[in-house]
Amino acid sequence: MNRRDFIRKLGTAAAGVAAFSCTDRDEATRVVPPSGGVSHFDLKWGKAPCRYCGTGCGVEVGVRDGKIAAVRGDPASPVNRGLLCVKGYHLPGLLYGGDRLLHPMRREAGGKGFSKISWDDALDLVAGRFAEALQNHGPEAVAVYGSGQWTVFDGYAALKWVKAGLRSNNLEANARICMASAVSGFMTQFQSDEPMGCYEDLDVADDFVLWGNNMAEMHPVLFSRILEHKRRNRGVRIIDIATRRTPTTEYADTYVEIRPGTDLALANGILFLLLRDGKIDQAFIDENVCFKRGIEDAKTIGYGCYGDQADRYLFEDAPRDASLDEVRAQLEEYAPKKVSEITGVSPSHIEALAEVYGNLVRGTVSLWCMGVNQHTRGTWMNNLINDIHLITGKIARPGNNPLSLTGQPSACGTVREVGTLSNRLPADMVVTNEEHRAKAEKIWKVPTGTIPAKPGPHTVDMFRALARGDIKVIWIQVTNPWVSLPNLSRIARKPGGPFVIVSDIYPTPTTDAADLILPSAAWVEREGIFGNTERRTQHWEKMVDPPGEAREDALQIIQVAQRMGMGSLFPPPEGDWHKSLYEEYRSFTLGTGKDLASYDELLGTRGMVWPVVGGKQTRYRYAAGHDPYVKKAKGVHFYKAKGYGEKAAFWFRPYHAPAEVPDAEFPFWLSTGRVLEHWHTGSMTRRVKELHQAVPAAYVEVNRVDAQELGLQSGDLVRVESRRGGIELPAKVDGRGKTPRGSLFVPFFDEKKLVNLATLDAMDSISKEPDFKKCAVRIRKV
Amino acid sequence: MRRRCVISRDEISRGVISFGVISLGLPLLAACSKDDAVPPRPKVGASGGTASAARAARRAYDGAPPVIPHGPFGASCTSCHGQWSLEVEGMGPSPPSPHGEGAGSMAYSRCEQCHVHRETEQLFAPSLFRGLTQDFRRGKRQHPLAPPVIPHQDLLRENCAACHTGPQARREIVCTHPERVRCGQCHVSVAENTEFMR
């Protein structure tokens, strides 16, 4: 022991004596029960992003005796600056539900019940089933369905195994039903996915226009950030465009109620007024914008759920060049009076919205999430919001941006950036592009022609193919499709059908449908990387051991690949494989404008916002002075849009009616969504005592006047049913959300009240994202 | 530092009490409409244990935001939980908000972002979670007359008076000198449990 060690130990001992001196202990015992004694300083603290939504709040995780005992908001995180929401504060509980899956379980012969098997047997079974399906039916008979909750490691392992190992493009993730319309919106306009702005926009903008976005419940910490900005700066305004009043509305300066599915008309109405009144930035347009049109006939496009499209929805748009004059002529159809008739929004409100966007002195940020994305014309609606920002030049500048919000912690980092979708490869590349396939094959060191050029089915078609029996084996990880997909009765699991493998942490209706259940490690039970809404990549270390025999999802995939003779695709799983796997993935991004931070850079930071070049983050993409790929002295440069002459594309997109509208038989609109306390299908948050006890079951929000006419009071049991199916649940009149007359709202977290039995599997024509927000139902008292 | 005001629950529910409100906390509280079931009877202090035990029962772990131990009243949270404590008839004193507004902090205006009601006592599945328990040790003093250091994290607990003064303060942590309002002048937080070494 040297002098310094001796002094340190002496000091520690002295401190311990002081902390537990007789005087202090006696006093404490006298005034309070002596059941305490452990302080925050006795915990070992580590950093991690939150496990839930796409905000990516920084969390400090306190560990004691190998278990998480507490969390606190990370004051050093630039995302949340120490604040969390109620889900975040109760993160530890998600790991400690008493019914965690602890061992691999195989369905017993005869169909009912599961029995424990070893990991070796389970992995052999997975490998054998995939090999058998490949051999007998080809690469279109296998499928992997993952998640925006996959870490980057998980998603990249799945991508490489499926596309380079199985030589299949049958890889999808639940971000298809969540964010795909935002992806196709950005891709069709900027030829690169993900926003150009960042959360700092929330601190500096003057006006926030929320398009169908209940931020107070779905992105509460970001909403707090806006509220703080608003409190400090008089004149900051929130405009809430929505189909029902929500907690967000309570804080809005203006509430614009709109009929479901008519937002396309409203956005076009705003564009019409901006052009009519000359409230555009012509110099910006001349320098940075080109004009496009696509197929606009509603019958040709369809909705993905009727006729031939009910089995496979294969529509593809056909872009063509257009001009500002052509667009201006098309927009003549969207004068305020006509838009008001379609949308129910008053002409004065339409004019006011155009004033907000058309005031080129004030900064404007548009925010949206599922209201715009889960939409039969979701890509179009994304296009129109981006159009408004393009035509006014309110883009890629602090406080002026369209900012699509994400619902899952790594919908961006994993699904969108790694590319775990049937048509994609990392860093904006697609399987239909020969050069892109060649680049991937080179990095992966696999022969040319390994990756198929034909995309696999999108999510809804994948599960339709599973129901038909065209897919023989599917591996589902970190998601709960038998709760979250629309029109669930269409994809009900039949005995003796395809072989279904599910990796998860708790029993769910999806594990109920499985033939083999694999227990997964969750969140800080393993090392991970997530990427959030604002392009921030965040790393965390493993902090506690997973329970039982649970393993991380990426490791499960690598071990199956080994058994199928594809082990050379991955670093040896016995060693420290995380860094080398991530660095291989990162090599896809370097030099592309989507450059990720290195593994080592991520270790010591609260995440880094890409592109990261020379160790520097980029807050504003495409912006001179911010983005290292922009060489101009000022202004913007949409350098990723090579196919458009490095300009962004303005798309004219007309109004189309929704796929299903209320009628005499089914006279009510049904919209579905989330609540603050529960995250998506509730498989984690319902295991957290405080969250479950706050909202223990789903309900249906009913308008007060409708309730009076139906003879309903809060708490009455009602049946809500569509042409596809229905559920019974209690009515709630004027709850936290208030629906307008003729509209109902049901949260989808409750596996015992499956509202997706009633929803319609109509989809966006381009992104193939389902529309969970609009279908026709009837309601009656039970 | 102390201001006492006795109000009745009826007054609260009629919404006649209105203090300088940072912002609204209405949405969830407003869930109590005429059509709704009668809100559960408030359970403030009804745990039967000490104040410390009641405090712990409302938190998943020490440092977690407490759940709301009473039913909705149909009024803003800050009507009772503002800067000062109020004595509510039949319920006792209401704790003020401990959240300060330091530089860089966010507006803590949407109380329901972190604090939720209990609609049921049932569980969806049993939980094995055992959270950090409250630290009952007192803050260390360098010598008997020295001011103690702050023995807990102070993030979101910037308003010391909320817990250490007023009728709602637990007996064992009542401040003896509430007239001195700048607590940080003498009491410091502990950033980490190490000692300086060159």
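1. Helix α6 (residues 180-190) of chain A packs against helix α17 (residues 378-391) of chain A, with an angle of about 55° and axes 8 Å apart. The arrangement of α6(A) relative to α17(A) is therefore oblique. This is a predicted model, and the remarks below should be read accordingly.

2. The crossing in which α6(A) passes α17(A) is right-handed. On the α6(A) side, S181(A), A182(A), S184(A), G185(A), T188(A) and Q189(A) take part, and they meet G378(A), T379(A), N382(A), N383(A) and N386(A) of α17(A). By class, this contact between α6(A) and α17(A) comprises ten polar residues, one nonpolar and no charged.

3. From α10(A), the contact draws on L266(A), G269(A), I270(A), L273(A) and L274(A), while α15(A) supplies I350(A), E351(A), L353(A), A354(A), Y357(A) and G358(A). The contact of α10(A) with α15(A) divides into eight nonpolar, two polar and one charged residues.

4. Turning to the strands, β13 (residues 364-368) of chain A runs parallel to β14(A), and four bridges join the two. Among the residues involved, W368(A) has S404(A) of β14(A) as its bridge partner.

5. In a regular strand, side chains alternate between the two faces of the sheet. For β14 (residues 401-404) of chain A, both faces are covered: N401(A) and L403(A) are buried on one side, and P402(A) and S404(A) are buried on the other.

Conventions: Residues numbered from 1 in each chain as written. Chains lettered and ligands numbered in written order. Predicted model: local features only at pLDDT ≥ 70, side-chain atom pairs only at ≥ 80, totals over all residues. Buried ≥ 20, exposed ≤ 12 C-beta atoms within 10 Å, placed from the backbone. Pairing = 2+ DSSP bridges. Axes fitted to C-alpha atoms, helices over the stretch in contact; angles between N-to-C directions. Parallel < 35°, antiparallel > 145°, perpendicular 65-115°, else oblique. Left-handed = near helix turned anticlockwise from the far one by under 90°. Contact = placed C-beta atoms within 7 Å. Nonpolar A, V, L, I, M, F, W, Y, C, P; charged D, E, K, R; others polar.
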